[in-house]
Amino acid sequence: MRITQGQFSFLPPLTDDQIKTQVKWALDHGWAVSVEYTDDPHPRNTYWEMYGHPMFDLRDPAGVMQEIVECRQAFPTHYIRVMAFDSSKGWETPRMSFIVNRPDNEPGFRLERQAVEGRSLRYTMTSYAVDRPEGDRY
Amino acid sequence: MSTAQPYVDENGVDTQDERRITLECDGVRHVLDKVNRELVGLAPVKARIGQIAALLMVDRARRELGLTTEPPTLHMSFTGNPGTGKTTMALRMAEILHELSYVRSSHVISVTRDDLVGQYIGHTAPKTKEVIKRAMGGVLFIDEAYYLYRPENERDYGQEAIEILLQAMESDRDDLVVIVAGYKDRMERFFQSNPGLHSRIAHHLEFPNYSADELLTVGDLLLEEQGYHFTEAGRKAFADYLERRMQQPHFSNARSVRNALDRFRLRQAMRLVEQGGSLSAEELTAIDAQEVLASTVFSKESESLPHLPSR
């Protein structure tokens with residue numbers, strides 16, 4: 001099951017040129033771009049690990065691309081996303097976030113039903129991948 | 001081209017290739033004109049910049065016809081005394097390279113040793129890489145680059161920064177143009193101890209000192225920019241001032257001229273305030289001989305006065 005988080009996730013995977021164009025757009029707006037990775041695809045897992053520092057004062061996407069390539073080499077089967085943070089007053093939040101790398105095989109999620117008092121049920125979602133410990137999930 | 005027997009001469013060049021291309025040089029010519037207008041003197045540098053621009057234009061045309069594949073090495077070194085226009089030329093160079101689309105934007109990141117070299121082990125590499133990332137797509141200008149290498153301290157992290165730079169200069173040639181600048185003699189020693197750097201830099205430009213006449217023109221231009229001008233006597237006195245100032249230590253060409261003009265303006269303002277009464281526009285804009293002659297350069301004991309190095 002292909003997970004869909006952030007922008008463009010219903011589209012086919014972005015090519016490097018397309019990523020470059022998106023990053024350029026973020027840089028032209030003065031947003032700080034950063035690269036993050038994780039192997040826990042749960043939608044509520046919002047805080048991913050940072051790969052390097054957020055890159056401030058960049059003018060050209062080449063530096064970001066270098067970082068993405070390095071991160072892909074280090075974590076070839078992790079989810080990797082690119083974030084663009086807008087620090088201007090009133091926003092102070094990520095303005096863009098899209099996945100640039102994902103594992104080949106995404107096993108998806110299972111629905112767990114927990115029977116609690118009075119015949120009611122509690123539903124929760126668990127990724128099959130997180131059954132294994134961090135680092136060997138994909 | 002599609003004939004069964006292609007016409008190829010002994011060098012492997014297709015003599016029947018009839019494709020033609022026009023050199024596009026309007027944008028570049030515009031920048032070169034600007035260089036000519038803004039920077040006084042520097043004839044050898046301007047000639048060299050013109051040559052480089054011509055080479056790049058031809059190279060681009062060749063590339064469009066599929067005759068070259070290797071991108072040219074564009075890293076440069078600017079050597080010369082302080083105040084000879086190295087930084088200004090680097091800005092213009094970025095514009096020229098941008099016009100010819102050898103860099104994607106015309107921004108110049110100007111750094112010195114502090115921005116590249118860290119303070120403790122493991123600090124230098126990320127710092128240098130961050131600067132390189134910031135400069136990508138444009139020009140990285142390293143002022144006083146010889147400070148990067150400190151042979152007297154073998155634990156110095158400068159060497160590490162140089163190695164990372166070398167790597168970036170080689171592998172990111174499409175994304176980054178590096179210009180190193182500094183005083184001539186120190187840069188030569190710097191290159192001697194870093195032959196790898198020397199060989200990766202294609203263009204070594206030497207900035208000559210300004211002559212007294214050129215400095216006088218620089219002075220006129222700078223005053224004009226600020227809405228002032230010399231009186232007849234003032235200009236004569238300034239020529240005299242330059243003669244003397246050039247003999248003194250720590251003379252830094254155009255920068256010294258600019259500092260001197262700032263002092264003249266201070267003295268002129270003081271004179272006008274003391275004079276009081278109503279002032280004409282002419283009085284407000286004229287720098288007279290007395291402002292120039294009040295300089296310590298003209299006093300006999302000027303030798304004994306401590307001169308602060310004005311870089």
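**Close-up views of a predicted two-chain model**

**Figure 1. Antiparallel pairing of strands β1 and β3 in chain A.** In this predicted model, strand β1 (residues 32-38) of chain A is joined to strand β3 (residues 79-86) of chain A by 7 bridges, and the two strands run antiparallel. Within this pairing, A:Y37 has A:I80 of β3(A) as its bridge partner.

Figure 2. Antiparallel pairing links 4 strands of chain A into an open sheet with the order β2-β1-β3-β4. From one strand to the next, the twist averages 20 degrees. Helix α1 (residues 16-28) of chain A lies across β1, β3 and β4 of chain A and runs at about 165 degrees to β4(A).

**Figure 3. The parallel sheet of chain B.** In chain B, 5 strands with parallel pairing form an open sheet in the order β2-β3-β4-β1-β5. Its edge strands, β2 (108-111) and β5 (203-207) of chain B, each pair on one side only. The twist from one strand to the next averages 20 degrees. Strand β1 (residues 76-80) of chain B pairs with strand β4 (residues 177-182) of chain B in the parallel sense over 4 bridges, and B:S77 stands opposite B:V180 in β4(B).

**Figure 4. Helices α3 and α7 on the sheet of chain B.** Helix α3 (residues 86-99) of chain B packs on the sheet and touches β1, β2, β3 (139-142), β4 and β5 of chain B; the direction of α3 makes about 155 degrees with that of β1(B). Helix α7 (residues 184-193) of chain B lies across β1, β4 and β5 of chain B, at about 125 degrees to β4(B).

**Figure 5. Crossing of helices α10 and α11 in chain B.** The axes of α10 (residues 232-247) and α11 (residues 253-275) of chain B come within 12 Å and cross at roughly 130 degrees, which makes α10(B) oblique to α11(B). The crossing is right-handed. Helix α10(B) contributes B:F238, B:Y241, B:L242 and B:R245 to the contact, and α11(B) contributes B:S256, B:V257, B:A260, B:L261, B:R263 and B:F264. These residues divide into 7 nonpolar, 1 polar and 2 charged.

**Figure 6. The interface of chains A and B.** The contact takes 10 residues from chain A and 8 residues from chain B. Between them the chains bury about 870 Å², 54% of it on carbon and sulfur atoms. In chain B, the most area is lost to chain A by B:K133, B:R134 and B:M136, together 58% of what that side buries.

Definitions and conventions: Residues are numbered from 1 along each chain as its sequence is written. Chains are lettered from A and ligands numbered from 1 in the order in which they are written. This is a predicted model: local features need pLDDT of at least 70, side-chain atom pairs count only at pLDDT 80 or more; totals for chains, interfaces and linings use all residues. Side-chain values use heavy atoms; hydrogens and water are left out. Two strands pair if DSSP finds at least two bridges between them. Axes are lines fitted to C-alpha atoms, for helices over the stretch in contact, and angles run from 0 to 180 degrees between N-to-C directions. Contact means heavy atoms within 4.5 Å. Angles under 35 degrees count as roughly parallel, over 145 as roughly antiparallel, 65 to 115 as roughly perpendicular and the rest as oblique. A crossing is left-handed if the near helix is turned anticlockwise from the far one by less than a right angle, and right-handed if clockwise. Ala, Val, Leu, Ile, Met, Phe, Trp, Tyr, Cys and Pro count as nonpolar, Asp, Glu, Lys and Arg as charged, and the others, Gly among them, as polar. Buried area is the accessible area (1.4 Å probe) that two parts lose on being put together, summed over both.
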